[in-house]
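Hello,

Here is the structure for your set-up work. Please look it over before reading my notes.

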Amino acid sequence: METYRIDDDIKAFKYGNPIETGAVVKKGTKAHQENDFNIKFKKNKCNIAIKLLSNDMVYGLGNNLGEINKRGRIYESYCTDEPSHTEDKVKLYSAHNFFIVSGDVSRGYFIDFPTRIKYDVGYYDKNYFNIEIYGQDFYIYVIEGKDANEISNKFLKIIGKSYIPPKWAFGYFQSRWGYKNKHEVKKVYETFRKNEIPLEGIYLDLDYMDNFKDFSISEERFSGFKEFANDLKNDGLYLVPIIDAGVKVEEGYDVYDEGIAGNYFCKDKYGKPYEGVVWPGKVHFPDFMKEETQLWFGSKYKILTDCGIEGFWNDMNEPAIFYQDEALQNAVDYAQEKMGQNLDVFSYFQLKDNFTNLANSNSYYQSFYHEIDGQRFSNDEVHNLYGYYMTKSANLGICKLLEDKRFLLISRASSIGMHRYGGIWTGDNSSWWSHLEQNIKMMPSLNMCGFFYIGADTGGFGGHCNGELLTRWLQFSVFTPLLRNHTAIGSDNQEPYAFTEEVLNNSKSLIKARYRLLPYIYSEYMKAVNNYSLMFKPLSFEFKDNMSKEVEDQILLSNQLMIAPVCHSNHKGRYVYFPEKMLEVSFLDMNMITSIKEKGTQYIKYGLDDLKFFLRKNSMIPHIKSSKNSKELNQENLEVLAYVDDEAIYDLYDDDGKSYDFMKGKSFSTNIKIIRRNDDYEIKVDNNNISIKNIKFRIIDSNNNIKIKEITLS
Ligand code: GLC
């Protein structure tokens, strides 16, 4: 074991000879050996036990199920295609091994290790957090700090800044698996425009490809793709096509041929390209651990960028494997052997399980290999890096192709480190109320692990969504950086106009509200990333009272808002806990109805035709007039909603939204200060954003007195 010091509060313990995952960018220097924790090394594994005190909370673990407080549950880090997010599940698509144990003392831990880790967070014994690491070579980073919030900020600093998408990526996107051809896509676009619902782009699922082949476009269904994409783009509409991890095995298909010629694919135990089965049938998996493969695969996005595409969606990169030939053959052989027999329960279960357990079997991941610096590793040994390195490869390739232009890139699988290359969506959720609630809980956990460009499939991916669920979901998703309504093939239509007139009107107003709030959401995103702070926070990160620790379905958006969505059908409102006095805002109402809420729990009415949030005292948020897309947004007349008793300050960040010039300091700031002076307010604005000409203020105090003020900027 070796000890490294990153700074006064962060040290790293290195055990064995770990694979360098690239998760951490601030490595530190070798220091005096210090006491490590009590690690028990067993054959090929090791265990760590952390004592939990009765009031310790556990935060983090990113893309996983459960509560904001992770205590009392089992979790696993092993990227898995898990389409059914039921309560008994322990792992999802990503592996995010950062967590904080926070009580009287708080401490953060990051286990930098590329494959399976199991976490029993006080499940079997509530007094112990037991961690089982499936290997003996890893780093553990230990981060000290005064509380969980400070520890998160320190962790974000050592893993480096999140990926930054273009501003248009913060618009509203429609998606579905099953928009069969360009005419259907066009129809979606036209229906949005006809109904005057803002729309930034449409995701293209497998349907656009020729026979599920990566970097191909179906001539039959999407002929003239380039013109089609460009026509839409001229009207400010972006297409975001999917790319899968597996490359179809087919001689004569250029990507396959190049992969074979370049030796870019993962190998089986005989040294031949490994074959698994995904959408197109047999596929090979690019070995993203090799730099040559990264460069090659990244360069393939050119076929899309040449058509004017600037948004991409990497999928099935856990990687998901439906089956392996041999396993299917065994299942078939067993079935044939048992045909006509009188099966007892065990043989029947065996017969059934042989088929139902075909997908993503552990044995598949043990049977193909990567090359890292000339050394061979089974996928199982580096499993959690696959989606990360696919997305890194895409990012590096697209950066070259689009040069100074920012692009949208999301991935399904990830581990910490990938956050610097792309965002993620939370995977194949369902049109269930509980998944709306899960979405809320996951957002702060993802931020803690470095992921900021995040969102769930709004309305739910699997199953049939109804108008009420879609509306309630939008009431939350309008606050998440990635806002995409997406659903599976075979499910009912889920576009805002697919339900009743009432649903159409309500969702339209909500999507418009997203555009009204876009300057604020973009500003908070950029500030969070640049300042290494969280955009979404559990209440307990700000408020130290006991009740705030138990609230799981309300979160804070930066320093200004508390969001408390309705997550149950038929409810006309909900109980909301106010950790301090706040201003209740009905944002959709033209007159913006507001009222003061005292500290404590209260029932708040929340209709389907509303967007509610709670503004903290002495804070403000900017908003503008909505438009059909981000390109058309006009900031000339900025409005500010403020709740001020004493003094409030807001710094509205902005930049060109397109290039990386902001990294060279080319960004705008509108610093607004509102100071209470008896019955009036003094306003000071320090602004270098020439697109803002006028600011209209609606300032409310704790007696719900409203003052309207307006200033023109010189
Ligand atoms: C996976 C993705 C989903 C997509 C589907 C078809 O299940 O998670 O979003 O629609 O594949 O490509």
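Below are notes on the ligand site and on one arginine.

This is a predicted model: local features need pLDDT of at least 70, side-chain atom pairs count only at pLDDT 80 or more, and totals for chains, interfaces and linings use all residues. Residues are numbered from 1 along each chain as its sequence is written, and side-chain values use heavy atoms, with hydrogens and water left out.

**Ligand site**

There are 13 residues around the ligand, counted when one of their heavy atoms lies within 4 Å of it. Asp 205, Asp 315, Arg 412, Asp 428 and His 486 come nearest. The shell holds eight nonpolar residues, one polar and four charged. Here Ala, Val, Leu, Ile, Met, Phe, Trp, Tyr, Cys and Pro count as nonpolar, Asp, Glu, Lys and Arg as charged, and the others, Gly among them, as polar.

Polar contacts are pairs of N or O atoms within 3.5 Å; within protein, one must be able to donate a hydrogen and the other to accept it, and residues adjacent in sequence count only if both atoms are side-chain atoms.

- Asp 205: a side-chain N or O atom is 2.5 Å from a ligand oxygen.
- Asp 315: a side-chain N or O atom is 3.0 Å from a ligand oxygen.
- His 486: a polar side-chain atom is 3.0 Å from a ligand oxygen.

Alone, the ligand exposes 310 Å² (Shrake-Rupley, 1.4 Å probe). The protein buries 97% of that.

**Arg 472**

Arg 472 sits in helix H13, residues 467-477 (a DSSP run of H or I, at least four residues, numbered from the N terminus). Its side chain reaches the backbone oxygens of Tyr 606 at 2.9 Å and Gly 607 at 3.4 Å.

Best wishes

Note on methods: Helix = DSSP H or I, 4+ residues; strand = E, 2+ residues; numbered from the N terminus.
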